[in-house]
Each structure stands twice: as C-alpha cells, then as structure tokens.
Amino acid sequence: MCNINPVQNFLIAALGVTVAAAGAVVTAAISNNSFWSAPGSVGIMITAGILTLVALGLLAAAISALNTFCSCLMGRCEQACSNLKNLLTGTSVVLGSQATACFVAAGFAWIPWAGQGPMWVIAATLIIEVVLITSAFIFFNALSSCGQQSG
C-alpha cells in the first residue's frame, strides 16, 4: 500500500516553520524601528533566513515523498500528483528567494529604520507563502482521495 503520510507530515512542518520565519521578520522589522534595538534585528533576520531555508528543505522533502508516493501509484492519479508537485515546486522557488532576501536585509538591519521597507515586503511574501502551503492541503486531499480510490 502506498503511504502518503510523509507528504502530509513534511507539509505540516514546512507550514509551521514558515509561520515562524514570517514572525521573525515581523519581529525584526519592529526591532529595526528603534535606534536602540535596531542592531538586534540583524540576528533576527539571520534567524528568519535560516528558518526559511529549513522550510525550503522541508518542502524538498515533501516533494521527494510525493514522488515516492506517486511512483507507488504507477501512473494513477497523475494529474493530482502533478498539481501538488507544481504548487510545491513554485512555493519552493519563492522560499529560496525569500531566504536570500532575509540574509541581504540582515546586512543593513542594524541601521535604524533603513530596513523597514524590505523587511515588511519579506514578511508579506512569507505570509503569502503560508497561504500557498496551506492551499497545498487542498491538492493533498484530492491526491489522497484519488490514491484511496485507486488502491
């Protein structure tokens, strides 16, 4: 029997880490809004970048688990597999860009108020990523249903 549970587990983990990364960026942006706390936002942005890379790795693991599951189905549910894989791949590309943006923003986050624009854009994009990962569960459920009907 084909096991879709690893895909779900990696998606849940990626969602949680992405929420944490978005929270870290918001915290860094708030910290950057003060002369005294701005230097602390550097470490927070680096943490956000690392969290974003962890989320990216979890999505890569979800894609790998998805490939294994879809191979096990031997061609059944091909469209559902493709839909979920395409969503996860696109989300991964944006997460990679956001990780880079976090590290770049960390370079000037120590300057009070200088990082506000980029940090809020990064936070907004990570929140959109949270929505995209959440929407992956719709495709996941469709694939799960198809797999159960085919199995």
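Predicted model: local features only at pLDDT ≥ 70, side-chain atom pairs only at ≥ 80, totals over all residues.
1. The predictor gives the chain a mean pLDDT of 95, with 99% of the residues at 70 or more. If you go element by element, H1 has the highest mean pLDDT, at 98. The lowest belongs to helix H4 (residues 116–150), with a mean of 93.

2. Now the overall layout. The chain has 4 helices and 0 strands, and its pattern along the sequence reads α-α-α-α. If you want to find them by number, H1 covers residues 5–31, H2 runs over 40–72 and H3 over 78–106, and H4 takes in 116–150. Along its principal axes, the C-alpha trace spans about 60 × 20 × 20 Å.

3. As for burial, the chain has 151 residues, and 43% of them are buried. The exposed surface comes to about 7,200 Å², and carbon and sulfur atoms supply 70% of that.

4. Back to the largest pocket, which has a volume of about 160 Å³. Its lining is made of 12 residues, and the closest to the pocket centre are Met1, Cys2, Phe69, Gly147 and Gln148. Which element gives the most to this lining? That would be H4, with 3 residues.

5. Have a look at Ala28, in helix H1. Is Ala28 buried or exposed? Its relative accessibility is 0%, so Ala28 counts as buried, the cut-off being under 20%. Setting aside neighbours within four places in sequence, Ala28 is in contact with Ser41, Ile44, Met45 and Met119. By the ranges in point 3, Ser41, Ile44 and Met45 fall in H2, while Met119 falls in H4. Ile46 is 18 residues from Ala28 along the chain, and the C-alpha atoms of the two are 9.7 Å apart.

6. Ala20 has a relative accessible area of 37%, which means it is partly exposed. Across to Ala48, 28 residues away along the chain, the C-alpha separation is 7.8 Å.

7. Met74 sits in the loop between helix H2 and helix H3, and its phi is positive, about 50 degrees, although Met74 is not a glycine. Met74 counts as exposed because its relative accessible area is 68%, over the 50% cut-off.

8. The other one is Trp113, found in the loop between H3 and H4. Phi of Trp113 is positive as well, near 70 degrees, again in a residue other than glycine. How exposed is Trp113? Its relative accessible area is 48%, so Trp113 is partly exposed.

Terms used
Residues numbered from 1 in each chain as written. Heavy atoms only, no water. Helix = DSSP H or I, 4+ residues; strand = E, 2+ residues; numbered from the N terminus. Buried < 20%, exposed > 50% of the residue type's maximum accessible area, 1.4 Å probe, protein only. Contact = heavy atoms within 4.5 Å. pLDDT = per-residue confidence, 0-100. 1 Å grid on protein atoms, 1.4 Å probe; cavity = no way out; pocket = protein on both sides within 12 Å on 5 of 7 lines; lining within 4 Å. Points joined across faces, edges and corners; volume = space filled by probe spheres on them. Areas by Shrake-Rupley, 256 points an atom, 1.4 Å probe, with all protein chains shown as cover.
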